[in-house]
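Please keep the sequence and the structure open while reading.

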Amino acid sequence: MGRREKPPPGIHLLGGAAGSLTSVLLVQPLDLLKTRVQQELIHVDRANLIKLPASRAASAALDSVVLLKVGRHVVRENGVMGLWRGTRATVFRNVPGSAGYFFILNELRTRMKGVQSQRLSNDTINLVAGASARGIAAFCLQPMSVIKSRFESNHYSYTSIWGATKSIVKTEGIHGLFLGLTSTILRDCPAAGLFIVFFDRLKATFGQHSLPGSPYHASVTATSSATATIIVTFLTNPFDVLRTRIQINPTQYPNIRTGSIEMFKQDGFRAFFSGILPRLLRKTISGAITWTVYEQVVHRLNRRDRVSLSH
C-alpha cells in the first residue's frame with residue numbers, strides 16, 4: 001500500500017495535547033508569578049510584609065528582585081506546592097486549547113497551500129493560519145482563561161473550577177466568563193500569526209546548520225521556538241497586562257480603553273510591561289517544550305502509522 005502524504009489529523013490533536021501538558025506541569029510556577037506581579041496588589045517583603053499599591057508594584061515588576069520576593073511570599077504562605085496553584089484550571093484550558101490549535105493550524109495551512117489560484121506566499125499562509133487558529137481556540141477557551149487567572153490571583157478564594165464558574169455567573173453573569181476576550185484576541189491572534197512566520201523562517205535557517213539526525217531536530221525546533229517567542233512576547237505584553245487586570249478587577253479596568261488610561265495614569269508606560277520577566281521565561285520555555293514535544297509526537301506516530309500501513 002502507498003504511504004500517506006501527510007499525518008492523519010488526529011495525530012496533531014495528540015501531539016498538541018502532549019506538548020501542552022508537558023509544558024504546563026513544568027512552567028506553571030512562572031505563570032502564577034506572572035499573574036501575581038501583574039495583579040492589583042502585590043505583597044513585597046521588606047522589614048515586614050507591606051501591601052504596596054499597584055502603581056509601585058507595577059513600576060518595580062521588571063526588577064528580578066521583586067519577582068524573587070513574590071516567589072518567596074507564595075512559598076511562605078502556601079508552601080512550595082503553592083507555586084502550582086491553578087494548575088488544574090491551566091490544564092483544562094491549555095491542553096484542549098493547544099490540541100485544537102495545532103489541529104486547526106494544520107488543517108488551515110494544508111487547505112490554504114492547496115489554493116493555487118491565489119498564489120499565497122508561505123509567510124501569508126502562516127500569518128493567516130496562525131492568527132485564525134489561535135482566535136478560534138482563544139474564544140472557545142476564554143471562560144477557562146478567566147477562571148485560571150482568578151485561581152492564580154490571591155484576590156479570590158475559589159476551591160474548585162465548578163465553584164468558580166458558578167460564582168462568576170451568579171455575580172457577573174455569562175459575560176463574566178468572557179472578561180478580557182478582546183484584549184486576549186488582540187494579544188493572541190497577531191502574536192500567533194507572527195510566531196508561525198518567525199518560527200518557520202528561523203527553523204529553515206537554523207536547520208541548514210544542524211547536524212544529521214532526526215528529521216525534526218529537537219535543538220532546531222527548541223531554538224527556533226524560543227527565539228520567535230522572545231520577539232513576539234515583547235510586542236504583545238501590553239495586551240497581556242490589560243487582559244490580566246480586566247479579568248481580576250473588572251470594576252477598575254472594565255475595558256481596554258479605560259484600562260489603558262487608568263494604568264498609564266497610575267503606573268506610567270512601564271506598567272504595560274509589568275510581568276514581562278516571568279512571562280518571557282514562561283513563554284520561552286513553554287513554547288520550546290510544546291513545539292518540540294508536538295513535532296516529535298507527530299513524527300513518531302506518523303512513522304508508526306506508515307509502518308503499519310506498509311504491512
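Predicted model: local features only at pLDDT ≥ 70, side-chain atom pairs only at ≥ 80, totals over all residues.

Residues are numbered from 1 along each chain as its sequence is written, and side-chain values use heavy atoms, with hydrogens and water left out.

**Confidence and overall make-up**

- The chain has a mean pLDDT of 79, and 81% of its residues reach 70 or more.
- Ten helices and two strands are present in the chain; helices (H or I, at least four residues) and strands (E, at least two) are DSSP runs, numbered from the N terminus.
- Read from the N terminus, the order of elements is α-β-β-α-α-α-α-α-α-α-α-α.
- The chain has 311 residues, and 50% of them count as buried (under 20% relative accessible area, with exposed over 50% and partly exposed in between; 1.4 Å probe, protein chains only).
- Of the contacts between residues at least 6 apart in sequence, 79% join residues at least 24 apart.

**Helix packing**

- Helix H8 (residues 218-248) packs against helix H9 (residues 256-267) at an angle of about 100°, and their axes are 10 Å apart.
- H8 is therefore roughly perpendicular to H9; angles of 65 to 115 degrees count as roughly perpendicular, under 35 as roughly parallel, over 145 as roughly antiparallel and the rest as oblique.
- Axes are lines fitted to C-alpha atoms, for helices over the stretch in contact, and angles run from 0 to 180 degrees between N-to-C directions.
- In the contact of H8 with H9, H8 supplies Val241, Leu242, Arg245 and Ile246, and H9 supplies Ile256, Gly259, Ser260, Met263 and Asp267.
- Five residues of this contact of H8 with H9 are nonpolar, two polar and two charged; Ala, Val, Leu, Ile, Met, Phe, Trp, Tyr, Cys and Pro count as nonpolar, Asp, Glu, Lys and Arg as charged, and the others, Gly among them, as polar.
- The axis of helix H7 (residues 181-207) comes within 7 Å of that of H8, and the two cross at roughly 170°.
- H7 and H8 are therefore roughly antiparallel to each other.
- The contact of H7 with H8 comprises 16 nonpolar, eleven polar and four charged residues.

**Single residues**

- Thr165 lies in helix H6 (residues 161-172) and is buried, at a relative accessible area of 18%.
- Leaving out residues up to four places away in sequence, Thr165 touches Ile147 and Leu177.
- Thr221 belongs to helix H8 and counts as buried at 3% relative accessibility.
- Beyond its neighbours within four places in sequence, Thr221 is in contact with Phe199, Lys203, Trp291, Thr292 and Glu295.
- Ile289 sits in helix H10 (residues 276-310) and counts as buried, with 18% relative accessibility.
- Not counting residues up to four places away in sequence, Ile289 touches Gly19, Thr22, Ser23 and Leu26.
- Ile289 and Ser225 are 64 residues apart along the chain, and their C-alpha atoms are separated by 8.8 Å.

Definitions and conventions: Contact = heavy atoms within 4.5 Å. pLDDT = per-residue confidence, 0-100.
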